[in-house]
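Hello,

Here is the structure I said I would pass on. My notes on it come after the file.

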Amino acid sequence: MSDSFGGNVLVYQAKLRPAVNPEYLVRRPRLIELLDTAVESPLTLVVAPAGSGKTSLLRDWVGWTDLPNAWLSVDESDRDPAQLWLSILAALDGIAPGCAEPAADLVRRRHALLDAVGTLLDDLESRRYGPRVLVIDDLEVVDEAVAGGSLTMFVQHLPRWLRVVLVSRHVPALPVDRLRARGMVGEVRFPELRFSFDEATEMLARLAPTLPPQRVAKAARHAGGWAASIQLAALAARSADARAGPDAPQQDEVERYLGDYVWHEVLSGEPADVVDVLVAVSVVDRAEPGLARALAGRLDAPILLERAEERGLFAARIEPSGAYETHALVREALLSDLRRREPERVTELHRRAAQWFEDAGQPVAALEHLLRAGEVRAALRLLASCVPELYDSGREVTVRRMLAAIPAGTAVVDTAAAVDLAWCQLFADRNVFVQTVHTVVARADGDGAVEPSLLARLEMLRAASAAVSGDWGAGARSARWSLATIGDRWQTDPLCKFGWNLLAREIALAERWDDAGPEVRQIARTLGPAPGRRIAFEATRALGAALAGRPVEALRLVYGPRQVSEAANLTTARTELMIAEALANREIGEQSAALPVLSRLVETPCDPVPHCRLLACLELARAAVDSGDGAAAERAFGDATELVDTELTGPGSRTLLARTGTLLALAESRLDDAGRWAAEVDDPFWGGVETARVLIAEGDVGTADTTLRAAAPRCVRHHVLLDLLLSRTTRNADEAESALSRAVRLAAAHGLVQTVASEGTEVVEAIERLAWQVPRPWLDRLRRVPLSGASPPGTAVVELVEDLTDRQLGILRMLPSRLSLREIADELFISVNTLKFHLKVIYRKLGCGSRAEAADLARALMNRHRRGQPSGAWRR
């Protein structure tokens, strides 16, 4: 197997090279020439029914052509889109060394296939090669939906040097008509692949040299040019001849004759132990030495397979793994006969295969065999144990496929099975998961005979359901009860071991994260011996630091776990790290680093961690409010509202929504709406803060002050924000300055910038008066952040003397900041003298005489943009 580009999902080397054609195969030069012509097009389709000789022709052509080429034989494992593209990348790496690694990293992330294909195409486009060919054989093995979109993108944008040959039993799900109209497709179909009479008779003569010429001619005509039917006709004719049948068999007799041929011609007289091993391994596509031993129940199974290869019994060794493959038709014939004679042995063989694959760390193959053995409960138990790892490695499609294969009634009576089923559904469909949990818990509540360990698992399901529905407090309460009930067994339970992470997440989202606090210390100590859970904890820890107002610490915490989560494909941890990093970057004023990540998170399904998507939507809304883009704020807030109304319906998520709703309504001077939103904030700190904001906007500063003093801060950010607001509501000037000073010192110590700037011009101007107390680097960052604030009400409308140029508008927007002229010039990459010249022109066009007046007009401009006023009117 190959993992040459660092993948966790290995690709068999045998898939990356064509097998050797048998000696009896007739070479057909006309088809070699046809393929030579076809591959001059970017895409070649070789499409024909099974057994038409497609693969044999391509094998022959690959050995004949001088063009560098790569080969991929698609198999059942490639039905998962992530695995399919890892296989394609492994093949391409053979003719374009180094192209696979960047794209492979993206493939392993959920829903990132199109990004991966784009990255791959960019890499391939940069290479300057002569013509090279990629052959993808047996494409029909994968579902059309699996190969569709990403493969379409790939073949439509191939570099000039790369030609792709797709071999399939049916036309792939590609825009073939469009590609054909552009002259991008070469095609080889069944009419071209049909054997001529001369070719058919030659191959029949090689296959059955003892048949009389007239029988050969009759069988060749009857075969109709189909390669498989020619071979089967020869095999069946020989079998029929042995039974004294005078006529060659008809096509509908081929399957019956194939079974007879395998047993009476191929295996007759062979050693019983060799035959028994071939029968035992017929339940798998390929048998590695250990698997062969397990299936046959004997240590010498690999030696017996080697003997079968030596005796020409359709077994072939695959290098370098040492696995053996039996010819597909022979394997199917053996398995069909075994099902008829000993169905119970078939079931047992599938059980053995499942156990071997599970022990070998290949749960998907184990699940397939358990289902074929009818061991549905065992399959569900295994899926529940490995579903987080499958999800994290980007194989969500596999999870859904396995769930679809489990009969609907499996969990109707068995509560333990229902718990496993619900847990698996969390990683496939969050809404179905929540519904299933509700049904299972309701049924168990009416059953008083549920044992304590099962009750603990049920309560953990309830905890997970509450958490993904936005009720983090209820989720934490259920998780605590579950962990206390199950005791030390949580470490081996695939469901309960996630309970500690649920507790950590609730602490983070409640904005009370404190590494020195007893809650966090207990969770950290408990998860120390559990590496996988510890990484998830560290991701939540970074999020907790970001939400608690320690952005610099959050960025430091992100670095280590991010490398581990990328290497181990931990999707859930990676998603939490992304939102933590984005929130921290925006807090320290790095908008350009934060906003693209937030936008990406909004478009990313996050089934086990939907709070990440909600936080991203709300942060984008707040960023738009701060920059004065009301339309963007409404769009982002609308996305968040839909998410809360339809999925995250719990009180925790609704409180987050109401907090942002209050800010948005205040920014648009909708005081009644702001009051209604503030009333929905169910939090001992934020409830008072948002109510106080509305009271301040209404001019009731005294009541706002009283309300703020009753608020209960839980973290650094809360203390900073509370003091900033108190500095505006306190009637005593000395107390106001003291509150502002405390807020500034604490904010500067922890890198809080955006929280301060979002309080608007009045607060920032007050801070400027305390500049001598403030660390200069922090103040410089604050001066560069857009201020949230509106121009004073009741100002008059002034018409511009002349329109401003784009350059002049850019300078004007920087005047409300506290940057010096030299700092503004440095930001704009111009000299101070050039800036002064521009300022003179700007003052003349505005009809003002100073920077202070121009700054007021700049703030009015931002306010006009928020309200959508006409571009010719400015407020002064």
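Predicted model: local features only at pLDDT ≥ 70, side-chain atom pairs only at ≥ 80, totals over all residues.

Cores. The largest nonpolar core holds 164 residues. Within this core, L278, V284, L295, W423 and I579 touch the most other members. For I579, setting aside its neighbours within four places in sequence, the contacts are L543, L598, L601, C612, L615 and A616. There is also a second, separate core, made up of 48 residues, with A90, L106, V107 and L151 among them. As background, nonpolar side chains in soluble globular proteins tend to be buried together.

Strands. An open sheet is formed by 3 strands, with antiparallel pairing and the order β6-β8-β7. At its edges are β6 (286-287) and β7 (315-318), each of which pairs on one side only. Between β7 and β8 (residues 323-326), the antiparallel pairing runs over 4 bridges. Here A316 is found opposite E325 of β8. Helix α15, residues 301-310, lies across β7 and β8, and the helix runs at about 115° to β7.

Helix α18. Which residues of α18 (residues 363-372) are buried? They are V364, A366, L367, H369 and L370. In general, residues three or four places apart on an α-helix point the same way, because there are 3.6 residues a turn. The cover over the buried residues of α18 includes α17 (343-359), α19 (376-392) and α20 (396-405). Just after α18 comes G374, with a positive phi of about 80°.

Regards

Methods:
Residues numbered from 1 in each chain as written. Heavy atoms only, no water. Core = buried A, V, L, I, M, F, W, Y, C linked by side-chain atoms within 4.5 Å. Buried < 20%, exposed > 50% of the residue type's maximum accessible area, 1.4 Å probe, protein only. Contact = heavy atoms within 4.5 Å. Pairing = 2+ DSSP bridges. Helix = DSSP H or I, 4+ residues; strand = E, 2+ residues; numbered from the N terminus. Axes fitted to C-alpha atoms, helices over the stretch in contact; angles between N-to-C directions.
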